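Colleague: Before we discuss any details, could you put the model up, so that we can go through the salt bridges and the sheet together?

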Amino acid sequence: AGAVRAPLGGSAEPLARCVCFGLGRFSGSPAARHQLAFLLLLLEELGVPPGRCSLFDPAFSAQETAALGQLGLRLLPDNEEGKHDIEGSATLFYMVHCGKALYNNLLWRNWSAGALSKMVIIGNSFKGIEERLLSRILERDYSYIAKVLKGTEEVALPAHPRYLDTFNDTSVHWFPVQKLKELSPEVWDFAEEPTYQDCDNLEIIRKEDRADRQSPDRSLR
């Protein structure tokens, strides 16, 4: 929790809620169960009530949905494809091992310095995404990740030998408003919704897709 609290140290506005995408089938995946346990501990440490945490994964079974409800967590009713508007509330997004398009869609939906500065994202390292992708592919398919890189602060989640596969390549990201204001004005001018027409491997389930086309233990990833 300290790694998540650190970026909030200078903020007068504590996290009001949490959104979790792509947790996976935790009934059959030890890694997903560990991620769920960490999420619950994180909510407790940060003082975010379970009822202020919403989850979505199109692969959740009825039993998993019921279990999350018993834990006091909320389920988002629709597949937003990551396009979740924070609506002015300081929000933690818990998106471990999600597809790149989910992060890109989330940034697009909240594409303003005011909104981004109220967000913390726990998920795949943006620096790692930049290093692994050709720059032309990053800028073409995931333009919002590419544009926000210079306005991002990132700290790797502390590694633990027991959970290397569970949280590998995971970082805490936040977007200081001063860094965002230093970005070129042109960065904010172009804000078209991503379509991914030229993307060969999208890594997410679209609204029109069926969850059963995906692997049983990882869905939005």
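**Salt bridges and sheet**

Modeller: In this predicted model, Asp 169 has a relative accessible area of 32% and is therefore partly exposed.

Colleague: With which residue does Asp 169 form a salt bridge?

Modeller: Asp 169 lies in the loop between α9 (164–167) and β7, and its partner lies in helix α6 (residues 126–132), so the pair ties together parts that are 37 residues apart in sequence. The closest N and O atoms of the two are 2.9 Å apart. The partner counts as exposed, at 55% relative accessibility, and the residue that forms this salt bridge with Asp 169 is Arg 132.

Colleague: Is Glu 64, which meets Arg 25 in a salt bridge, buried or exposed?

Modeller: The side chains of Arg 25 and Glu 64 meet with an N to O distance of 2.7 Å, and the pair links distant parts of the chain, with Arg 25 in the loop between β1 and α2 and Glu 64 in helix α3 (residues 62–70), 39 residues apart. Arg 25 counts as partly exposed, at 24% relative accessibility. Because buried means under 20% relative accessible area, Glu 64, at 2% relative accessibility, counts as buried.

Colleague: For the salt bridge between Arg 140 and Asp 141, how far apart are the closest N and O atoms?

Modeller: Arg 140 counts as partly exposed at 42% relative accessibility, whereas Asp 141, at 7%, counts as buried. Between the two residues, the distance of the closest N and O atoms is 2.8 Å.

Colleague: How many salt bridges does the count come to?

Modeller: Besides the pairs discussed above, there is a network of salt bridges that links Glu 81, Lys 83, Glu 193 and Arg 206. With a side-chain nitrogen of Lys or Arg required within 4 Å of a carboxyl oxygen of Asp or Glu, the count comes to eight.

Colleague: Which strands stand at the edges of the sheet?

Modeller: The sheet is open and has seven strands with mixed pairing, in the order β3-β2-β1-β4-β5-β7-β6. Each edge strand has a single partner strand, so one side of each is left without a neighbour in the sheet, and these strands are β3 (74–75) and β6 (153–156).

Colleague: In β7, which residue is the bridge partner of Val 120?

Modeller: Strand β5 (residues 119–124) and strand β7 (residues 170–174) run antiparallel and are joined by five bridges. In β7, the bridge partner of Val 120 is Trp 174.

Key:
Residues numbered from 1 in each chain as written. Predicted model: local features only at pLDDT ≥ 70, side-chain atom pairs only at ≥ 80, totals over all residues. Heavy atoms only, no water. Pairing = 2+ DSSP bridges. Helix = DSSP H or I, 4+ residues; strand = E, 2+ residues; numbered from the N terminus. Buried < 20%, exposed > 50% of the residue type's maximum accessible area, 1.4 Å probe, protein only.
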